[in-house]
Amino acid sequence: QVQLVESGGGSVQAGGSLRLSCAASGYTFSRSCMGWFRQAPGKEREGVARIYIGSGSTDYADSVKGRFTISMDNVKNTLYLQMNGLKPEDTAMYSCAARGPVSVCPPTMWPPYFGYWGQGTQVTVSS
């Protein structure tokens with residue numbers, strides 16, 4: 001049974017940092033596309049960052065480039081999202097997602113593409 005469990009959310013002031021974790025189990029993610037999504041109240045789910053585990057190739061939404069870093073610890077089978085320089089507009093429920101095995105990540109982060117999802121962790125940034 002595949003499970004993705006997020007942690008690390010919380011409340012911070014603008015300019016602060018958080019590191020989200022997504023512990024994966026029940027699956028070998030070595031050739032998976034994994035990503036972080038977020039959804040704010042009243043808004044559509046937005047792809048934030050993705051990584052192809054096989055090569056380590058990453059991509060980011062323009063809104064977070066230079067501030068967020070996605071990474072994977074293959075030993076711990078844990079996906080991370082390091083978020084620096086947080087802004088109030090980053091406030092949302094953040095979820096990790098995975099799909100595999102695949103040969104590459106898709107060019108866009110289309111939520112229905114990802115078959116496995118975590119329950120989400122809330123990030124709140126105050127000004």
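The structure holds four aromatic pairs, where rings of Phe, Tyr and Trp (its six-membered ring) pair if their centres lie within 6.5 Å, and planes under 30 degrees apart count as stacked, over 60 as edge-to-face and the rest as tilted. The model is predicted, local features need pLDDT of at least 70, side-chain atom pairs count only at pLDDT 80 or more, and totals for chains, interfaces and linings use all residues. Residues are numbered from 1 along each chain as its sequence is written, and side-chain values use heavy atoms, with hydrogens and water left out.

Two of these pairs are listed here.

| Pair | Centre to centre | Between the planes | Class |
|---|---|---|---|
| Phe-37 and Trp-117 | 4.8 Å | 50° | tilted |
| Tyr-113 and Phe-114 | 5.3 Å | 80° | edge-to-face |

Because Phe-37 lies in strand β4 (residues 33–39) and Trp-117 in strand β10 (residues 116–117), their pair ties together parts that are 80 residues apart in sequence; strands here are DSSP runs (E, at least two residues), numbered from the N terminus. Phe-37 counts as buried at 1% relative accessibility, whereas Trp-117, at 27%, counts as partly exposed, given that buried means under 20% relative accessible area, exposed over 50% and partly exposed in between (1.4 Å probe, protein chains only). Tyr-113 is buried with a relative accessible area of 17%, and Phe-114 is buried at 3%.

Phe-37, Tyr-113, Phe-114 and Trp-117 form one aromatic cluster. The charged end of Arg-45 sits over the ring of Trp-117, 4.3 Å from its centre, and Arg-99 lies over the face of Tyr-113, at 4.3 Å from the ring centre; the criterion is NZ of Lys or CZ of Arg within 6 Å of the ring centre and within 35 degrees of the ring normal.

The largest nonpolar core has 30 residues, of which Met-34, Trp-36, Leu-79, Leu-81, Met-83 and Tyr-94 touch the most other members; such a core is a set of buried Ala, Val, Leu, Ile, Met, Phe, Trp, Tyr and Cys residues joined through side-chain atoms within 4.5 Å. Among the elements that give two or more residues to this core are β3 (18–25), β4 and β8 (78–83). Apart from it lies another core, of nine residues, including Phe-37 and Tyr-113.

Four strands form an open antiparallel sheet in the order β1-β3-β8-β7, with strands counted as paired if DSSP finds at least two bridges between them. β1 (3–7) and β7 stand at the edges with a single partner strand each, so one side of each is left without a neighbour in the sheet. Five bridges join β1 to β3, and Ser-7 has Ser-21 in β3 as its bridge partner.
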